[in-house]
Structure formats: structure tokens, C-alpha cells
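This report is meant for a reader who is meeting the structure for the first time. Please keep the sequence and the 3D view open while reading.

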Amino acid sequence: MPFVILAFSIISRRKIPVVLAVILALAILSVGAFATLVLMALSGGGTELVVMHGTALTLACATSILLVSAVGQIARFVTFAVFGFPVLVGVWSLASVPFAYSSAVKTSANRAYCIGGHSTIERELGSVFGLRGLSLYTTRSGYKIGDTWHFHGLLLVEDDGDLNVYNWSPRSMRFDVVARPRSLIASPFAACQPKNEFLKQLNLIWADREL
């Protein structure tokens, strides 16, 4: 949405009136803040990634409206500086794709593997683009509900008839081993079914199933 608005403004050479732009920006900020708070509540208290995701999307939409308006130079400079935050988040999200891809391939070491979500049902990764940072996480990560731990994207690797479990770490940008996965009440082994060269079998962007 933000880039579509900016592109339309550049092509049409039209600017939104300041008053209208401010009203729209405030409306977007209000709706975005409310939606982020709701998602935080539903995630069991909120997570850093939920806050970052919601804040980035909200600021991207609100600032894009102001950038195509007739605001003054100082206000435009401040708005452009704020717009830099969602841009950086987007860059980080896209950068996660090659990191997650290479980490999965390196960790699997030519063994059968797969990537999916921590759930009671199979939630297998459906496309390579699903490895981006703003997709490869669960809103309940980092919180313990009863005796159940919820992870980000899970990597399952076959190892001599057994399965090793690894959890995607957005901080370290790699898959880290999960200790004693069989002791978890919510089993991580339903995430997906290991296959040879799993990622090479996926489409780049489109998918029937998404994480």
C-alpha cells in the first residue's frame, strides 16, 4: 500500500491536501494501534515481533499518506525519517529469507528435512518467500501456556530413523536445536514431513499452504 500510494503520486503529480492527509494519517494510526494491541492480547501478553510488525505496517501506511501530501519541507523530512523504520523492518524481513534458507540447508547436511509451524496439525511451509522474518514467526512464541511451549518456524531433520528439531531464531537469524522435543506436551513433530531437498521443491512466492 505505501509504495502504491507513492508511485501513484509520482505518476499523477498530484498531492493530497494537508488537512485530508493528516486526518487519514491519524485514522490509520488509530486503527493500526488498536489492531496491534488486539493482536498483542491474543498472543498471550504480546511479543516483540507482534509489536514490531504492527508498528511497521501502521507507520508505513500513515507516513506514505503524508509523503504524498502538500506538507512543508520540515514536516516532510520528519515524515521521511519515520518512514525509514518500516523500510528497515521490511529489509530485515526479506534478509531473513536467504539466512533461513542457508541455515536450513546447512543444518540438514544433505538429510531429509522440512520447515513448518508449531501446531497440533501440520503447518508445512508452502513457499520460499514464507521464510521472510515477518512470516516465519508465531504470535505465541516466547510464552508458556500451561506446559506448552510455542516456537517460531520449526526445522525437522531426519537422523538415523529419528527426528531432530530446530527452532528459527529471529535474533541470531539461524535455526537452533530444541532440547528434549519429545518432552513437550504440544509435540513439534506434526509441523511437517521431511523430504529430500525440501526447499528446492517449493515455489518461490505462491503456495497452496502458508506458514
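## Basis of the report

The model is predicted, and for that reason local features are given where pLDDT is at least 70 and side-chain atom pairs where pLDDT is 80 or more, while totals for chains, interfaces and linings use all residues. Residues are numbered from 1 along each chain as its sequence is written, and side-chain values use heavy atoms, with hydrogens and water left out.

## The chain as a whole

The protein chain contains 4 helices and 6 strands, where helices (H or I, at least four residues) and strands (E, at least two) are DSSP runs numbered from the N terminus. Along the sequence these elements follow the pattern α-α-α-α-β-β-β-β-β-β. Of the 211 residues in the protein chain, 45% are buried; buried stands for under 20% relative accessible area, exposed for over 50%, and partly exposed for values in between, with a 1.4 Å probe and protein chains only.

Taking contacts (heavy atoms within 4.5 Å) between residues at least 6 apart in sequence, 71% join residues at least 24 apart. The accessible surface of the protein chain is about 11,900 Å², and 66% of this surface belongs to carbon and sulfur atoms. Such areas come from the Shrake-Rupley method with a 1.4 Å probe, and for residues only the protein chains shown count as cover.

The axes of helix 2 (residues 18-42) and helix 3 (residues 48-67) come within 9 Å and cross at roughly 170°. Axes are lines fitted to C-alpha atoms, for helices over the stretch in contact, and angles run from 0 to 180 degrees between N-to-C directions. Helix 2 and helix 3 are therefore roughly antiparallel to each other, a term for angles over 145 degrees, whereas under 35 counts as roughly parallel, 65 to 115 as roughly perpendicular and the rest as oblique. The residues making the contact include Ala21, Val22, Ala25 and Leu29 of helix 2 and Val50, Gly54, Thr58 and Ile65 of helix 3.

Val18, Val22, Leu26 and Leu29 form a nonpolar patch on the surface, with about 290 Å² of accessible area together. Patches are made of residues with over 30% relative accessible area and no salt bridge, like charges being joined within 9 Å and nonpolar side chains (Val, Leu, Ile, Met, Phe, Trp, Tyr) within 5 Å. Val18 itself lies in helix 2 and counts as partly exposed, at 34% relative accessibility.

## Salt bridges

The structure holds 5 salt bridges, each being a side-chain nitrogen of Lys or Arg within 4 Å of a carboxyl oxygen of Asp or Glu. The table lists some of them.

| Glu124 | Lys195 | 3.1 Å |

In the salt bridge of Glu124 and Lys195, Glu124 lies in the loop between strand 1 (113-116) and strand 2 (144-145) and Lys195 in the segment after strand 6 (174-177), so the pair ties together parts that are 71 residues apart in sequence. Glu124 is buried, with a relative accessible area of 6%, while Lys195 is partly exposed at 28%.

Asp162 is partly exposed at 33% relative accessible area, and Arg182 is exposed at 57%. As for the remaining pair in the table, Asp176 is partly exposed at 26%, and Arg174 is partly exposed at 44%.

## Single residues

Which residues does Ser93 touch beyond its neighbours within four places in sequence? Ser93, which has its place in helix 4 and is buried at 3% relative accessibility, is in contact with Arg132, Gly133 and Leu134.

Ala109 lies in the loop between helix 4 (73-108) and strand 1 and is partly exposed at 45%. The C-alpha atoms of Ala109 and Val157, 48 residues apart along the chain, are separated by 9.1 Å.

Most residues other than glycine have a negative phi. Arg180, however, has a positive phi of about 50°; it lies in the segment after strand 6 and is exposed at 66% relative accessibility. Glu197 also has a positive phi, near 50°, and is found in the segment after strand 6, where Glu197 is partly exposed at 48%.
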